[in-house]
Amino acid sequence: MKKYFIVFFIIMGIFLLTGCNNKNDTLKSREGVELIPNSYHAYFEGECNHLNELYFEDNNYTYYKICIDYIGLDFKNTKLYRTLDDAILRKETSLDNLINKSNEQIQYGLYDVYLFDDFNLAIKDKNIYLINKIVNYEEYLDDFEN
């Protein structure tokens, strides 16, 4: 009988240790939740003057907004919501993630243009232009070059 009690005690100890280790892993993963960008949306209120306005600067790029107040970003599997500038500066998303979420990519002159539901993104050199869909990006980029 003592043999069974010892074996039972060892097995219960193993289950207890395994359970505690899994619980610690879960807490660690909650603290460092991997943020997966879900969607990006442009927000704008007011009159559109078609001028580019500095949005923010990242290490390598300068972001300009045209008829956009801000770009909002939500994440999968969490109720977190950020603006694009805040998320990029916090390293919660990147330009690559933004580009990967675009609906389509086209080449327009010297620009790489990425189309989204309610805005377009044009990249030339180290400048990024976030252009509201109400603005014809082709006309804007042509006028901007002249």
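**Chat about a sheet and its salt bridges**

Q: Which strands form the open sheet, and in what order?
A: Three strands form it, in the order β1-β4-β5. The pairing is antiparallel. Keep in mind that this is a predicted model.

Q: Which strands stand at the edges?
A: β1 (36-43) and β5 (81-83) do. Each has a single partner strand, so one side of each is left without a neighbour in the sheet.

Q: How are neighbouring strands turned against each other?
A: By 30° on average, ignoring direction.

Q: How many bridges join β4 to β5?
A: Three. β4 covers residues 70-76, and the two strands run antiparallel.

Q: Which residue stands opposite R82 of β5?
A: L73 does.

Q: Let's stay with R82. Buried or exposed?
A: R82 counts as buried, at 16% relative accessibility; the cut-off for buried is under 20%.

Q: Which residues are linked with R82 in a network of salt bridges?
A: D86, R90 and E92 are linked with R82 in that network. R82 and D86 meet through their side chains, at 4.0 Å from N to O. R82 also forms a salt bridge with E92, where the closest N and O atoms are 2.7 Å apart.

Q: Where do R82 and E92 lie?
A: R82 lies in strand β5, and E92 in the loop between α2 (84-89) and α3 (95-100). The pair therefore ties together parts that are ten residues apart in sequence.

Q: K65 first: buried or exposed?
A: K65 counts as buried, at 11% relative accessibility. E53 counts as partly exposed, at 46%.

Q: New topic. Which residues form a nonpolar patch on the surface?
A: Y43, Y70 and Y81, with about 280 Å² of accessible area together. Y70 lies in strand β4 and is partly exposed, with a relative accessible area of 31%.

Q: Last one. Where is N120, and is it buried or exposed?
A: N120 is in strand β8 (residues 119-124). N120 is buried, with a relative accessible area of 3%.

Q: What is N120 in contact with, leaving aside neighbours within four places in sequence?
A: Y114, L115, Y129, L130, I131, K133 and Y137.

Methods:
Residues numbered from 1 in each chain as written. Predicted model: local features only at pLDDT ≥ 70, side-chain atom pairs only at ≥ 80, totals over all residues. Heavy atoms only, no water. Pairing = 2+ DSSP bridges. Helix = DSSP H or I, 4+ residues; strand = E, 2+ residues; numbered from the N terminus. Axes fitted to C-alpha atoms, helices over the stretch in contact; angles between N-to-C directions. Patch = residues over 30% accessible without salt bridge, like charges linked within 9 Å, V, L, I, M, F, W, Y side chains within 5 Å. Areas by Shrake-Rupley, 256 points an atom, 1.4 Å probe, with all protein chains shown as cover. Buried < 20%, exposed > 50% of the residue type's maximum accessible area, 1.4 Å probe, protein only. Contact = heavy atoms within 4.5 Å.
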